[in-house]
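Please read the following account with the chain open in a viewer, and turn to each part of the model as it is named.

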Amino acid sequence: MDHFHFDFEHVSGKENIADAASRIGGKRNDTQFGAEKEPHELCLVEADLYNINDQLLALTSTQVREESLKDEELQTVVQWLNKDVKWPPSISKYQPFQREMYAQGNVLLKQEKLVLPSTLRRRVLTVAHRSHPGMSTMKNFLRQGLWWPNMDREVE
């Protein structure tokens, strides 16, 4: 284990604008932190981003664009958006929402919601479930900005 050496320097509140919040309240007569000798522990937590499980990280717009381009189903939907004929069975589940969907850049949207590529759905569900918000809260949270066919069923 590495040992750390710190140099602490006191900066008077008059010279330290960051101290302003602690001066908002009235004058107190209690003992200030550090007035008595007491043991303190300092911790350092390091994370190597290359070793963190991707399932725990939120998505970036670049990842969504890249995965949308790779998603054959979504790319097929984009090609059929302006066709007023029966869509192929592989994408028929999207056709009821045809008038609500449009392509912007390299992504497909349904109204203002991102149509999430299939490869990212499990990851989004994992991240959304991290705090165990409950099924209806989790559905409402996801519905704010995302959509895909049968999303509610997958959340459940």
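Predicted model: local features only at pLDDT ≥ 70, side-chain atom pairs only at ≥ 80, totals over all residues.

Residues are numbered from 1 along each chain as its sequence is written, and side-chain values use heavy atoms, with hydrogens and water left out.

The chain contains five helices and four strands, where helices (H or I, at least four residues) and strands (E, at least two) are DSSP runs numbered from the N terminus. Read from the N terminus on, these elements follow the order α-α-β-β-β-α-α-β-α. Of the 156 residues of the chain, 24% count as buried; buried means under 20% relative accessible area, exposed over 50%, and partly exposed in between, with a 1.4 Å probe and protein chains only.

Strand E1 (residues 101-104) pairs with strand E2 (residues 107-110) in the antiparallel sense over four bridges, two strands being paired if DSSP finds at least two bridges between them. Together E1 and E2 form a hairpin with two residues between them, and in the turn glycine 105 has a positive phi of about 65°. Glutamine 104 has valine 107, in E2, as its bridge partner.

The next part concerns aromatic side chains. The structure holds two aromatic pairs, a pair being rings of Phe, Tyr and Trp (its six-membered ring) whose centres lie within 6.5 Å, with planes under 30 degrees apart counted as stacked, over 60 as edge-to-face and the rest as tilted. The ring centres of tyrosine 94 and tryptophan 147 are 6.1 Å apart and their planes stand at 75°, so this pair is edge-to-face. Because tyrosine 94 lies in the loop between helix H2 (72-80) and E1, and tryptophan 147 in strand E4 (residues 146-147), the pair ties together parts that are 53 residues apart in sequence. The rings of phenylalanine 97 and tryptophan 147 have centres 4.8 Å apart and planes at 65°, so this pair too is edge-to-face. Phenylalanine 97 lies in the loop between H2 and E1, and its pair with tryptophan 147 in E4 therefore ties together parts that are 50 residues apart in sequence. Tryptophan 147 counts as buried at 11% relative accessibility, whereas phenylalanine 97, at 26%, counts as partly exposed.

Strand E3 (residues 113-115) includes valine 115, which is buried, with a relative accessible area of 0%. Between valine 115 and proline 149 there are 8.8 Å in space, C-alpha to C-alpha, although the two are 34 residues apart in sequence.

An unreviewed UniProt entry places the feature "domain: Integrase zinc-binding" at residues 117-156; UniProt positions are given in the numbering used here, feature names are shortened, and annotations may be inferred rather than shown by experiment. Over residues 117-156 the chain is 65% helix and 5% strand, with the end C-alpha atoms 19 Å apart.

Helix H3 (118-129) and helix H4 (135-143) each supply at least two residues of the lining of the second largest pocket, and H3 gives the most, with four residues.
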